[in-house]
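Please keep the sequence and the model in view while reading.

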Amino acid sequence: MTTPGFPNPGQSTPGQPTPGWGDAAAGARPTPGWGDAAAGLSAAPGAGAQPGWNDAAAGYSGFAPGAPSTARATATFVLGLIGLIGGIVFGWGFAASIIALALAPGALRADPAGHARARRGRTLAVAGLIATALWAGYSLLRIIELVLG
């Protein structure tokens, strides 16, 4: 049974080799792709290799080891947001805001892709500290009023 537009398995389309499980046994050149480096397969650049999933020429870089991570920038943003919400709603956003401010310099140095997120997290953390300080001041005034009152 054939599906229009799709070749049957094992049949080649004009001008294209047929990919399949038996290519190496049939003498076909391996195409770089998923996990080929671990399997010992490689193709020299410019040797006519077809682009595969991990081929940089195809525009896909994959999950390369040592790739920069934006996890610290994300943590800075999330903790800054928690600090702000905690400072406004409950008056206890101090700890999350301080941790976010401590993570921010490392996040700004780590990866340029996370700079905007780290800056927003730092801004939210400062706003959370201000909100917490306002809550503390209000609470202190209420306590003084109750004691003297």
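The points below cover the basis of the model, its aromatic pairs, its salt bridge and its cavity.

1. Basis of the note. The model is predicted, so local features need pLDDT of at least 70 and side-chain atom pairs count only at pLDDT 80 or more, while totals for chains, interfaces and linings use all residues. Residues are numbered from 1 along each chain as its sequence is written, and side-chain values use heavy atoms, with hydrogens and water left out.

2. Aromatic pairs. The structure holds two aromatic pairs; rings of Phe, Tyr and Trp (its six-membered ring) are paired if their centres lie within 6.5 Å, and planes under 30 degrees apart count as stacked, over 60 as edge-to-face and the rest as tilted. Phe 90 and Trp 92 form a stacked pair, with 5.2 Å centre to centre and 15° between the planes. Phe 90 is exposed at 51% relative accessibility, and Trp 92 is exposed at 54% (buried means under 20% relative accessible area, exposed over 50%, partly exposed in between, with a 1.4 Å probe and protein chains only).

3. The edge-to-face pair. The ring centres of Trp 135 and Tyr 138 are 6.1 Å apart and their planes stand at 90°, so this pair is edge-to-face. Both residues lie in helix α4 (residues 115-148), three residues apart, about one turn of the helix; helices (H or I, at least four residues) are DSSP runs, numbered from the N terminus. Trp 135 is partly exposed at 31%, and Tyr 138 is partly exposed at 49%.

4. Salt bridge. How many salt bridges does a search of the whole structure find? It finds one, where a salt bridge is a side-chain nitrogen of Lys or Arg within 4 Å of a carboxyl oxygen of Asp or Glu. The partners are Arg 142 and Glu 145, at 3.5 Å from N to O. They too lie in helix α4, three residues apart. Arg 142 is partly exposed at 38% relative accessibility, as is Glu 145 at 48%.

5. Cavity. The count comes to one cavity of 30 Å³ or more; a cavity is a set of points on a 1 Å grid over the protein atoms alone where a 1.4 Å probe fits but cannot get out, and lining residues have an atom within 4 Å of a point. The largest cavity holds about 30 Å³ of space. Its lining includes Ser 69, Arg 72, Ala 107, Asp 111 and Gly 114. Helix α2 (71-90) and helix α3 (94-110) each supply at least two lining residues, and the largest share, three residues, comes from α2.

Notes:
1 Å grid on protein atoms, 1.4 Å probe; cavity = no way out; pocket = protein on both sides within 12 Å on 5 of 7 lines; lining within 4 Å. Points joined across faces, edges and corners; volume = space filled by probe spheres on them.
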